[in-house]
Amino acid sequence: MQPDKNPVREVLMKIENLKTYFPVKKGVFKRTVGHVKAVDGVSLDVFRGETLGIVGESGCGKTTLGKTILRLCSASEGSVKYQFPDGEQDILQLKGTELDRARKSLQIVFQDPYSSLNPAFTIFGSFADPLRKFGVKKRKEQEEIVAKLLADVNLPRDYMTRYPNEFSGGQRQRIGIARALSVNPELIVCDEAVSALDVSIQAQVLKLLKKLQNEHNLTYLFITHDLSVVEYVADRIAVMYLGKVVELAETDELFKHTLHPYTKALLSAIPIADITRKRKRIPLQGDVPSPVNPPAGCPFHPRCKYCTDRCRTDAPLLTPGTSEGQIHYVSCHHAQEIAEGRME
Ligand SMILES: Nc1ncnc2c1ncn2[C@@H]1O[C@H](COP(=O)(O)OP(=O)(O)OP(=O)(O)O)[C@@H](O)[C@H]1O
Ligand SMILES: [Mg+2]
């Protein structure tokens, strides 16, 4: 096996066998009759300073993964070990002041920042609350911090006296980012952070996110269903399917040597402007199966044209291989044969 091209990277967060199941309740007594396996055994390392893209179809568990890491959803199993300045701790086990500290280090920016800004408060009002909570008591100091944060996201100081409904979508998203930055986080989960914006505003916000990443040494978990956005923004990409990571590699490597049949189908659907680069569209057959009763064996097998008997019974593990010196993980029994064109 060849060595990894980027061997010296600090693991900021180690997610191990993470599961988040939501109970399905029925009847007048609200008996639990099953579980939605939204996140079903995810293991991932997140490196300090990187942008890790999380992609996959709607309902595959991207948001639930992000929320579980931030303790906005309860995990059913697993651990999320985080490298705090004074040592590693499992975020899922934290309580009291230690949990507050973790909440400061990890922030989230949603698709619709409107939902995280109180419409009854000015921007200053929305920002002052977390600042107070984390120890900045004097109004003058709070104002200076808010002005600096607005400047960071290219907005003028006097915007702090305005209300959320007085901004455009792109401005609101920048305010959402500034608010996340207000507590000096290390890692930000961007959940479809630019998906609602039109393309030119999207580009501005993505550029801003990159600039802020360099200035504040931020790590991003960038959740999106938009593969062209993730190609632009991510250093590595994890592809999720029915609560599991099915492929993980550096962005270039994933696009150049796609291994999983599911990822191939997803990537084939990206429109390309350059007419000299032809890409054959691979249609995904059928719908995503229910996460309450995921298929036995490989979760993708009912939709996979390469499916064999083994895929119907044995669940493949996410295993590393190397390609051009980079580690590339995939969970598919036939990845190698497909890559070598032996299973067309
Ligand atoms: N609070 C909840 N209670 C019950 N089921 C939930 C809850 N939140 C999410 N789910 C279910 O978990 C699964 C994963 O949902 P999630 O929102 O994580 O998907 P997603 O990948 O973010 O999708 P999208 O791209 O549409 O945002 C879905 O089947 C969803 O219905
Ligand atoms: Mg989502």
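Q: Which residue in β5 is the bridge partner of Phe 84?
A: In β5, the partner of Phe 84 is Gly 87. Helices (H or I, at least four residues) and strands (E, at least two) are DSSP runs, numbered from the N terminus. This is a predicted model, in which local features need pLDDT of at least 70 and side-chain atom pairs count only at pLDDT 80 or more, while totals for chains, interfaces and linings use all residues. Residues are numbered from 1 along each chain as its sequence is written, and chains are lettered from A and ligands numbered from 1 in the order in which they are written.

Q: How many bridges join β4 to β5?
A: Four bridges join β4 to β5 (residues 87–90), and the two strands run antiparallel. Two strands pair if DSSP finds at least two bridges between them. A hairpin through two residues joins β4 to β5.

Q: And what about β1 and β4, how many bridges there?
A: Strand β1 (residues 11–26) is joined to β4 (residues 77–84) by five bridges, in the antiparallel sense. Lys 14 stands opposite Lys 81 in β4.

Q: What holds paired strands together in general?
A: Strands of a sheet pair through backbone hydrogen bonds, either parallel or antiparallel.

Q: What is the strand order in the open sheet of eight strands?
A: The order is β6-β7-β8-β3-β9-β10-β12-β11, with mixed pairing. At the edges are β6 (106–109) and β11 (319–323), each of which pairs on one side only. Within this sheet, β10 (residues 244–250) and β12 (residues 326–330) pair in the antiparallel sense over two bridges, and Glu 247 stands opposite Val 330 in β12.

Q: Changing topic, which elements give two or more residues to the shell around ligand 1?
A: First, 13 residues surround ligand 1, and the closest are Phe 22, Ala 38, Ser 58, Thr 63 and Thr 64. A residue counts as near if its C-beta atom, placed from the backbone, lies within 6 Å of the molecule. The elements that give two or more residues are β2 (31–47) and α1 (62–69).

Q: Which element gives the most?
A: That is α1, with three residues.

Q: How does the shell around ligand 1 divide by class?
A: The shell has five nonpolar, seven polar and one charged residues. Here Ala, Val, Leu, Ile, Met, Phe, Trp, Tyr, Cys and Pro count as nonpolar, Asp, Glu, Lys and Arg as charged, and the others, Gly among them, as polar.
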